[in-house]
Amino acid sequence: MSALAAAQAHGFLSTSGVEILFLLTGVVTLGAAIVTVTTRRLVHAALWLVVALGGLAVEYLLLTAEFIAWVQVLIYVGSVVVLLLFGLMLTKAPIGRSPDADSGNRPAALAVAVAAAAALVWVVVDAFRTTWIDLRGAPQGSTKVSGEILFRHWVLPFEALSVLLLAALVGAIVLSRKRGSKQGSEEKR
């Protein structure tokens, strides 16, 4: 089906409440992401990251991918951000402004971010130009469908990622113990 025929069949400019809510949530999520990377306070950046990741979970819910939305909430919002906040507290990071966390490379970083975002948008639009999601049909992001796809077609990359994350966790523990034992021996001297 061509893009023009698909647009005519689905009413290209007709909007529903779900589409408007999807757009508004996307704008709030984008705003939270921008504040996350532009704020000079580390704790505020972590809290704005919660808003951005929560907005993505809402987007997944609006796309009828409930399983992915709850994984987003449990793993990213619930675990990663809490781990980040614990890391900030344990390293005694400054609560206020953090001039050490800022760099003079903001223009270069902005240029790279804009180029990466443009490339990502172009790839996604090109890949899904004629794909339409039927919100009244069977949910494609349900637990059953996602589980079948994940464990039938993606089981090997999924397990490889699990081993990689486990190795990173063990490596982080080993490095922190070595550093801790060196500091303990220096304090005894």
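Colleague: What should I know before we start, and how are residues numbered?

Modeller: Residues are numbered from 1 along each chain as its sequence is written. This is a predicted model, where local features need pLDDT of at least 70, side-chain atom pairs count only at pLDDT 80 or more, and totals for chains, interfaces and linings use all residues, while side-chain values use heavy atoms, with hydrogens and water left out.

Colleague: How many helices and strands does the chain have?

Modeller: There are 7 helices and 0 strands. Helices (H or I, at least four residues) and strands (E, at least two) are DSSP runs, numbered from the N terminus.

Colleague: What tells you that the span of α2 agrees with its number of residues?

Modeller: Helix α2 covers residues 17-38, which is 22 residues, and at 1.5 Å a residue it should span 32 Å. The expected span is 1.5 Å times one less than the number of residues. The end C-alpha atoms of α2 are 32 Å apart, so the two values agree. Helix α3 passes too: its 21 residues should span 30 Å, and its end C-alpha atoms are 30 Å apart.

Colleague: Why is T29 called buried?

Modeller: Buried means under 20% relative accessible area, exposed over 50%, and partly exposed in between (1.4 Å probe, protein chains only). T29, with a relative accessible area of 11%, is therefore buried. T29 lies in helix α2 and touches A52, G55 and L56, not counting residues up to four places away in sequence.

Colleague: And why is V18 called partly exposed?

Modeller: V18 has a relative accessible area of 34%, so it counts as partly exposed. V18 is also in helix α2. Its C-alpha atom is separated by 6.8 Å from that of L62, 44 residues apart along the chain.

Colleague: Which residues of α2 are buried, and how do you know that they line one face?

Modeller: They are T25, T29, A32 and T36. Seen down the axis of α2, they fall within an arc of 65°, so they line one face of the helix. The arc is that of the directions from the helix axis to the C-beta atoms. An α-helix has 3.6 residues a turn, so residues three or four places apart point the same way. The face turned away from the buried side of α2 carries the exposed residues L23, L24, V27 and L30.

Colleague: What do the buried residues of α2 pack against?

Modeller: They pack against α3 (42-62). Contact means heavy atoms within 4.5 Å. The buried residues of α3, among them A45, A52 and L62, pack against α2 and α4.

Colleague: What makes α3 roughly antiparallel to α4?

Modeller: The axes of α3 and helix α4 (residues 66-90) come within 8 Å and cross at roughly 175°. Angles under 35 degrees count as roughly parallel, over 145 as roughly antiparallel, 65 to 115 as roughly perpendicular and the rest as oblique. That makes α3 roughly antiparallel to α4. Axes are lines fitted to C-alpha atoms, for helices over the stretch in contact, and angles run from 0 to 180 degrees between N-to-C directions.

Colleague: What is the phi of T64, and why is T64 called partly exposed?

Modeller: Phi of T64 is near 60°, a positive value in a residue other than glycine. Most residues other than glycine have a negative phi. T64 sits in the loop between α3 and α4, and its 22% relative accessibility makes it partly exposed.
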